[in-house]
Amino acid sequence: MFDFNKSKEETEKSRLTIPLLPLRDVVVFPHMIVPLFVGREKSINALESAMRHEKGIFLAAQKSAEIDEPAEDDIYTVGTIGNIIQLLRLPDGTVKALVEGVERGVIKSYLPDEEFFLVDVEELGEKYSSESNAKLEALIRNIVESFSRYAKLSKKVPPEMLGSMSASDDPSKLADTVAAHLHVKLDEKQKVLETTDVVGRLEKIYALLMAEIEILEVEGRIRKRVKSQMEKTQKDYYLNEQMRAIQKEMGEDDSFKTEIKELEKKLDEKKLTEEAYQKVKQEIKKLKMMSPMSAEATVVRNYVDWILALPWYEKTEDKKDLKESEMILEEDHYGLKEVKERILEYLAVQILSKKKKGSILCFVGPPGVGKTSVAKSIARATNREFIRLSLGGLRDEAEIRGHRKTYIGAMPGKIIQLLKKAGSSNPVFCLDEIDKLSSDFRGDPASALLEVLDPEQNIAFNDNYLEVDYDLSDIMFITTANVLQTIPAALQDRTEVIRIAGYTEPEKLNIAKKYLVAKELEANGLTEKDIVFSDGALLTIIREYTREAGVRNLEREIASICRKVARKIVTDGKKKKIKVLSKSVGKYLGVPKFKFGEIEDRDRVGVTVGLAWTEVGGELLTIESSVMRGTGKPILTTGKLGDVMQESAQAAWTYVRSRADALGLDKDFYKKLDVHVHVPEGAIPKDGPSAGIAMATSIASALLKKKVRSDLAMTGEITLRGRVLPIGGLKEKLLAAHRGHITTVIIPSENEKDLADIPANVLRELEIVFVENVDDVLERAFVPEDKTEMYPYETGTAGAGEMRVNA
């Protein structure tokens, strides 16, 4: 054997030329005897050479164990010089070697040899840093104590190892012995091997030892908890089985079996589709084989309960008396002729047709016009149950389709939930605020509704929770929306859109007299003997305290008066009936909120009245133009106008310039002037092309210094050639003109066909002028023989409300 018994000084200077044995997944420390199984040809040759020449062998770890043919760079340079104690060749060609680590060493160079790695190795001596003996002793004690704890937790350290380690007085040997028995990563062990400073090596080993102890303690706690849980489950099962056996012996009913029998009885009595019947039968069969205390049994029971509770074939009988249905609709709502006609048509078809199909309507209109309340009336008129689902802000697809029953707390979607609540498979189902659906990472509810609202698909609606098809085709779906633009096109295509425009002043008066006053009297504990509203008072509230397409604010103002009267009766005691007259409205509601019947109090130069469409109905829009001496800059537009409206202003300005001769202006008049067009209420966004003719009239008026009629409003898109193109939202715009006491309205000739939808009383009180060219507009708009006025401009009142205006 090669003799390593040298003095410390000699060892530090000694160099050896010995074979190298690359090791996979193992680091051999000095004082460590390790059995190695060697199979690579080069490694076997290295061992045989070392034995043949009684040389030592250098044991160094590979950086990666996956490399079969390591190169010089794949092997750590620091390793252990060792002796081969025993070498045994096995039948399969591999070699078992028993080696002992003796001393640390570092590879200085690789020598050429084809059969194995031959290296020039320098022995690394031990170093002791200038630390106090007290610190060294403390480290040794801590390591011995901690290793004892580690051995108890790990159960992989031989007991005799603890005894030999406690008896050792060599700090270096102690460090290497502990490192060899730690189950840490290869690179951590290599760092310990490469540390020649004994105190530093002890510190590293202590840190690794404490980390391993902490991991083993956590593992122990986990094992203990899992074992405890398993024991509890087994105990519960054993006790349940015992209780069941005792109940059986005593002749008592098994509650779980009784519950299953009840479910089977319900299944036999309930009329289901074949698919649903087979599914429930299968689930009950599974339930019988489960422990009643298991979580899965609870899931199955809930699932079966849901399917059996749904109205699969339970229906209400539709009313077959059209006159009675019509009377109910008239009772509940004033006006809304188109809606009522459509419902009566649907009922007539249901009476005549044997193959019945649900209907899908979409009511579109401003807030407060009665879209949701009409849906309730339809349910009453058709003798159906009414259910409502608010879609505003809904952003999770599972709210429509439900969750799969494997999830904890899973439930069907809102469609199925509400049908269970209704107890009928043919209710009137109101999907409220469908234009306010949202979507996010959880899915798109609008896409899920495509199946619900498609008559060809909803005959087999598949809820994720139910996992069986449910027929929605008998349901009368009614959706409501304020605007169509935000509803996806595919969803719009599946519904029949019925527009509900704003109410006229006479309609509002009738609604207030017939419905709102009586409703608020009852809500505030009053009767007709306590208070009475005159028609003049109601008109004053409508004109000066509300400006809306619907009647919601009107109802609030009536409620406010009722509350004040109720307080007066309670405070002063009931004396006589209180009459609310037109002149006394201000006493209850304060200063009027709106000017009524006038946009401008007199005819002015450069000021025109346009008509705009908003989400809450039509509005009047004042447009002002001012002409100043200047340098011919491009037209300036203000009032928070959108791109389309700004382009309309530019088209109007170009048209006026192109018609300079016809209007009596100098050919180069625009080079010495600057034009500014402003639409008041600058905080409100405004957009759309229909203010084109109003802008052209305003600009022409300012240039010609001709006044524009203040009782005239106009709407129409302008082209560069002066043609007036058709616009949308005519009904809402004419209602706004009527509310604002405008007497004449100029509209495009192509919109004449849309007058069929306008209430007769509005048409009677408005003079409608049809135009095809802007020249016709100017002819009707200017006041004849007007006196000029240099700066007549004042801010008008449009009263459009805090919302986007589409002019």
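Student: What relative accessibility does D332 have, and what does D332 count as?
Tutor: D332 has 24% relative accessibility, so D332 counts as partly exposed. The cut-offs are these: buried is under 20% relative accessible area, exposed is over 50%, and partly exposed is in between (1.4 Å probe, protein chains only).

Student: What should I know about the model first?
Tutor: This is a predicted model: local features need pLDDT of at least 70, side-chain atom pairs count only at pLDDT 80 or more, and totals for chains, interfaces and linings use all residues. Residues are numbered from 1 along each chain as its sequence is written, and side-chain values use heavy atoms, leaving out hydrogens and water.

Student: Back to D332. Which residue meets D332 in a salt bridge?
Tutor: R380 does, at 2.9 Å from N to O. A salt bridge here is a side-chain nitrogen of Lys or Arg within 4 Å of a carboxyl oxygen of Asp or Glu.

Student: Where do the two partners sit, R380 and D332?
Tutor: R380 is in helix α13 (residues 371-382) and D332 in helix α11 (residues 322-332), so the pair ties together parts 48 residues apart in sequence. Helices (H or I, at least four residues) and strands (E, at least two) are DSSP runs, numbered from the N terminus. R380 is partly exposed, at 40% relative accessible area.

Student: How many salt bridges are there by this rule?
Tutor: The count comes to 30. One of them joins D176 and R104, with the closest N and O atoms 2.7 Å apart. D176 lies in helix α5 (residues 171-181) and R104 in strand β5 (residues 95-111), so this pair ties together parts 72 residues apart in sequence.

Student: Are D176 and R104 buried or exposed?
Tutor: Both are buried.

Student: Which residues are linked in a network of salt bridges?
Tutor: K279, E283, K286, K405 and E467.

Student: New topic. How many helices and strands does the protein have?
Tutor: There are 27 helices and 28 strands. The radius of gyration is 47 Å, well over the 28 Å that the globule rule gives for 807 residues, so the protein is more spread out than a compact globule. That radius is taken over C-alpha atoms, and the rule is 2.2 Å times the number of residues to the power 0.38.

Student: What box do the C-alpha atoms fill?
Tutor: Roughly 130 × 95 × 60 Å, along the principal axes. Of the 807 residues, 48% count as buried.

Student: Let's pick a helix. Why does the span of α20 agree with its length?
Tutor: Helix α20 (residues 552-572) has 21 residues, so at 1.5 Å a residue it should span 30 Å, and its end C-alpha atoms are 30 Å apart. The expected span is 1.5 Å times one less than the number of residues.

Student: Which residues of α20 are buried?
Tutor: Among them are L554, I558, I561, V565 and I569. Their cover includes α18 (505-523), α19 (535-544) and α21 (585-589).

Student: What comes just after α20?
Tutor: G573, which takes a positive phi of about 85°.

Student: Last one. Which residues make the nonpolar surface patch of about 320 Å²?
Tutor: V218, I222, V226 and M230. Patch residues have over 30% relative accessible area and no salt bridge; like charges are joined within 9 Å, nonpolar side chains (Val, Leu, Ile, Met, Phe, Trp, Tyr) within 5 Å. Areas come from the Shrake-Rupley method with a 1.4 Å probe; for residues, only the protein chains shown count as cover.

Student: Where is V226?
Tutor: V226 is in helix α7 (residues 198-250). V226 is partly exposed, at 40% relative accessible area.

Key. Contact = heavy atoms within 4.5 Å.
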